[in-house]
Amino acid sequence: MRPRLLSLFLITVALLSACVQVDNKMLEKSPPARQFYALEAVRPLPAATGQADSVLRLAPFRLAPPFYGKGFIYRLDEHRYQSDYYHQFIADPAALITAATEKWLAASGRFAAVGSAVSRLEADWLLEGTVDALYGDFRQPQSPRAILELHLRLLDTKADRPSVLFQHRYTESLPFEPGPPANLVKAWNQGLMEILMQFEQDIAGSN
């Protein structure tokens, strides 16, 4: 083979090899991994003192449409919402809020016992809840807000026919720093904590 032809052959082989390497890197590039988050409320208040006799049971909270599902919901304008496939709650968000509420109230000192729906405790009160809103509000992208709306109903179950002892719809709208979704989760947790503090004050003295 003549030197010129040999040089062309080697250059062609080098170019083909480079193309193959680029294609392999593109194939190796995987989509972003999904991230999972929990909701929780850290109790900053000391437990109430005094004797508590009432037993409280929590029914599983429900999630109102259009906030079904585990993917984060973002509100983009007055009519458009978007679900985030890559950032999700680790479980049904209504179940996470139910568990956080049960843990919060059990540590409040205001009840002799707090049980879940599967508890065999004979309860004096039943707490029901509906998560009416849970989304990140990005209608103003530079100053987003975390929205959480929770409707709580406390029922007196001592009588033959349960009656509503107290109910209230709590709404929290908290600003958070644009950036990683963890900032939004932190704001939701703060909102949940604010709601539970207010609820605890609202029912103080009822038992």
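**Notebook: salt bridges in a predicted model**

I began with Asp77, which comes out as partly exposed at 26% relative accessibility. A reminder to myself: this is a predicted model.

Next I looked up the partner of Asp77. Arg80 forms a salt bridge with Asp77, and their closest N and O atoms lie 2.9 Å apart. Arg80 has 48% relative accessibility, so I noted Arg80 as partly exposed too; the cut-off for exposed is over 50%.

Then I turned to Glu78. Which residue does the side chain of Glu78 meet in a salt bridge? I found Arg139, at 3.1 Å from N to O. Glu78 sits in the loop between strand 4 (71–75) and strand 5 (81–89), while Arg139 sits in the loop between strand 7 (125–137) and strand 8 (145–156), so this pair ties together parts that are 61 residues apart in sequence. Salt bridges with shared partners also link Arg75, Glu78, Asp137 and Arg139 into one network. I checked the accessibility of Arg139 as well: its relative accessible area is 34%, so Arg139 is partly exposed.

My last pair was Arg43 and Glu200, a salt bridge whose closest N and O atoms are 2.9 Å apart. Arg43 belongs to the loop between strand 1 (35–37) and strand 2 (55–58), and Glu200 belongs to helix 3 (residues 181–202), so the pair ties together parts 157 residues apart in sequence. Are these two buried or exposed? I noted both Arg43 and Glu200 as buried.

For the tally, I searched the whole structure and got ten salt bridges.

Technical notes. Residues are numbered from 1 along each chain as its sequence is written. This is a predicted model: local features need pLDDT of at least 70, side-chain atom pairs count only at pLDDT 80 or more; totals for chains, interfaces and linings use all residues. Side-chain values use heavy atoms; hydrogens and water are left out. A salt bridge is a side-chain nitrogen of Lys or Arg within 4 Å of a carboxyl oxygen of Asp or Glu. Helices (H or I, at least four residues) and strands (E, at least two) are DSSP runs, numbered from the N terminus. Buried means under 20% relative accessible area, exposed over 50%, partly exposed in between (1.4 Å probe, protein chains only).
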